[in-house]
Amino acid sequence: MKPDLEDKINAEDSDKEYEEYPYEKELREKRKKSFNGIIQFGICLFAAVLISFFIVHYVAQRTTVDGMSMYNTLNDGDNLIIEKLSYRFGDVERFDIVVFPYYDGAVGMDVYYIKRIIGLPGETIQITDGKIYINGDVLEEDYGYYIDDIPMKGYDAEEEIYIGENEYFVLGDNRNNSTDSRKIGCITRDHIEGRACFRIFPLNKFGVIK
């Protein structure tokens, strides 16, 4: 029995290699480009997030001062750059301005403080008669601000304190209006997030922080 004409045509067509129409090829290429674009965007986004994470956690980040405890070196609302790289290769030094977290029981969470390093590991410190004594000698400094020239009080540092290994004694420059090591004790090296190095706002104070 001979196959009918339609069966013959179908059989012949099935043996031929399929050829795309021009519009089909163009559509396929557009879909391929679109898919490649999505992949490239995803890779770029992932890279950007990874780089941002690395910079914020290991290099530097921007922060805003909240409060007046560092007046008159820093003011409420100042925008600063906190650099983190130098402490990964070097030591914390006296008079550095550092940022660190401290658990505040009143709010039930960590609050970030910004203070100045005054006492170093292995030293003794005492604050009495409005003066700071390091290992029994008066510390010569010009950072402290005193409202109405009222002498600084030592609080918990009225008696001589030994600063332990990897510990630091910090003070706010606004000596009579600061929650610092006189109240919260020494801070440890691993809690120091970074050093305030540059002020970007306000513009009239733009520059390196000392």
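Is C186 buried, partly exposed or exposed? I looked this up before anything else. C186 is partly exposed, at a relative accessible area of 24% (buried is under 20%, exposed over 50% and partly exposed in between, with a 1.4 Å probe and protein chains only). C197, on the other hand, is buried, with 18%.

**Ground rules.** I'm working with a predicted model, where local features need pLDDT of at least 70, side-chain atom pairs count only at pLDDT 80 or more, and totals for chains, interfaces and linings use all residues. Residues are numbered from 1 along each chain as its sequence is written, and side-chain values use heavy atoms, leaving out hydrogens and water.

I searched the whole structure and got zero disulfides (a pair of cysteine sulfur atoms within 2.5 Å would count).

**Overall.** I noted four helices and 12 strands; these are DSSP runs, H or I over at least four residues for helices and E over at least two for strands, numbered from the N terminus. Of the 210 residues in the protein, 30% are buried. I also looked at contacts (heavy atoms within 4.5 Å): among those between residues at least 6 apart in sequence, 60% join residues at least 24 apart.

**The largest pocket.** I read off about 530 Å³ of space for it. Its lining has 23 residues, and T64, D66, Y112, Y113 and I114 are the closest to the centre. A pocket here is an open set of points on a 1 Å grid over the protein atoms alone, where a 1.4 Å probe fits, with protein on both sides within 12 Å along at least five of seven lines; lining residues have an atom within 4 Å of a point. The volume is the space filled by probe spheres set on the points, which are joined across faces, edges and corners.

Which strand gives the most to the lining? That's β4, with five residues. β1 (60–64) and β2 (79–83) are also among the strands that supply at least two each.

**N75.** I found N75 in the loop between β1 and β2, and N75 is buried at 15% relative accessible area. Leaving aside residues up to four places away in sequence, N75 touches V65, G67, M68 and K205. Its C-alpha atom is 9.7 Å from that of T64, 11 residues apart along the chain.

**A sheet.** I traced an open sheet of four strands in the order β7-β6-β5-β8, with antiparallel pairing (two strands pair if DSSP finds at least two bridges between them). β7 (137–138) and β8 (161–162) are the edge strands. β5 (124–128) pairs with β8 over two bridges, and I161 in β8 is the bridge partner of I125.
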